[in-house]
Amino acid sequence: MPTDVITLITSDHRKIEALFERLQSNRDSRTADVAELAALLTSHARAEEDRVYPVIREAAPAEKGEVHHGFEEHKEAEILLHKLKAAKPDSPDFDRVLMQLVESVTHHVEEEENEILPALAEAVGTKRLQELGRAFKERRDQEMLALSVPAQKAAPARKAGRPAPARKATRVPAQKSSAEGELTKEELYEKAKAMDLPGRSRMTKTELEAAVSKRS
């Protein structure tokens with residue numbers, strides 16, 4: 001089974017597209033399908049941001065703008081996911097938000113597969129792509145586990161698993177940061193990761209600034 005990062009990322013894209021089709025065609029399982037979609041999209045995005053995008057910025061400097069755009073598109077998808085989970089599955093609002101999410105993610109996938117990933121393939125060798133694949137999969141599976149959706153149970157084949165344990169959300173209070181104020185979200189995340197700050201993968205840029213500043 002191929003384990004290079006490009007194959008793994010595009011495979012996730014196909015699974016996400018399959019979930020979109022299921023959500024559009026089968027209203028009866030929407031609640032479960034939304035939970036599965038949210039877990040896969042979130043874990044996929046976190047793994048890309050943590051393990052793949054930093055490498056692309058260094059190996060293919062011309063793609064820095066596209067990488068930054070990728071971060072912004074992940075955030076847009078996250079916002080739409082929250083709206084989708086809040087909507088009633090049989091409501092017109094659900095259909096409207098679902099269409100917006102499908103359009104947003106489809107656009108992101110097209111840019112990633114047509115521009116960013118080919119640039120990465122040209123910039124690094126086969127061995128590096130394999131290494132990135134292992135790193136991406138490990139990080140994605142960590143997020144899937146944290147969300148209580150085992151990676152092997154992702155779309156298209158889904159089995160019933162144990163109910164998700166209750167998790168208490170921790171919000172870092174916003175604070176001004178003089179040293180890190182000009183850093184991007186991805187740069188702040190790298191600092192938070194080096195400090196081993198808990199909950200960093202779910203923090204906003206403002207929360208990362210506050211947490212990094214407090215620990216410094």
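Where is Gln24 found? Gln24 lies in helix α1. Helices here are DSSP runs (H or I, at least four residues), numbered from the N terminus.

## Basis

This is a predicted model: local features need pLDDT of at least 70, side-chain atom pairs count only at pLDDT 80 or more, and totals for chains, interfaces and linings use all residues. Residues are numbered from 1 along each chain as its sequence is written, and side-chain values use heavy atoms, with hydrogens and water left out.

## Gln24

Gln24 is partly exposed, with a relative accessible area of 40%. Buried means under 20%, exposed over 50%, and partly exposed in between (1.4 Å probe, protein chains only).

Neighbours within four places in sequence aside, Gln24 is in contact with Arg30, Leu98, Met99 and Val102. Contact means heavy atoms within 4.5 Å. Gln24 and Met99 are 75 residues apart in sequence, yet their C-alpha atoms are 8.9 Å apart in space.

## α1 against α4

Helix α1 (residues 5–25) packs on helix α4 (residues 92–123) at about 165°, with axes 11 Å apart. Axes are lines fitted to C-alpha atoms, for helices over the stretch in contact; angles run from 0 to 180 degrees between N-to-C directions. The pair is therefore roughly antiparallel. By convention, angles under 35 degrees are roughly parallel, over 145 roughly antiparallel, 65 to 115 roughly perpendicular, and the rest oblique.

On the α1 side, the contact residues include Ile16, Phe20 and Gln24. On the α4 side, they include Leu98, Met99, Val102 and Val105. The residues of this contact divide into 16 nonpolar, 3 polar and 4 charged. Ala, Val, Leu, Ile, Met, Phe, Trp, Tyr, Cys and Pro count as nonpolar; Asp, Glu, Lys and Arg as charged; the others, Gly among them, as polar.

## α1 against α5

Helix α5 (residues 126–146) packs with α1 at about 40°, with axes 7 Å apart. That makes α1 oblique to α5. Val5, Ile6, Leu8, Ile9 and Asp12 of α1 meet Leu129, Leu132, Gly133, Phe136, Lys137 and Arg140 of α5. By class, this contact has 7 nonpolar, 1 polar and 3 charged residues.

## Nonpolar cores

A nonpolar core is a set of buried Ala, Val, Leu, Ile, Met, Phe, Trp, Tyr and Cys residues joined through side-chain atoms within 4.5 Å. The largest has 21 residues; Phe20, Leu37, Leu84, Leu101 and Val105 touch the most other members. Elements giving two or more residues are α1, α2 (30–59), α3 (64–86) and α4. α4 gives the most, with 7 residues.

Beyond its neighbours within four places in sequence, Val105 is in contact with Ile16, Phe20, Leu41 and Ala77. A second, separate core of 20 residues includes Ile9, Ala47, Ala119 and Phe136.
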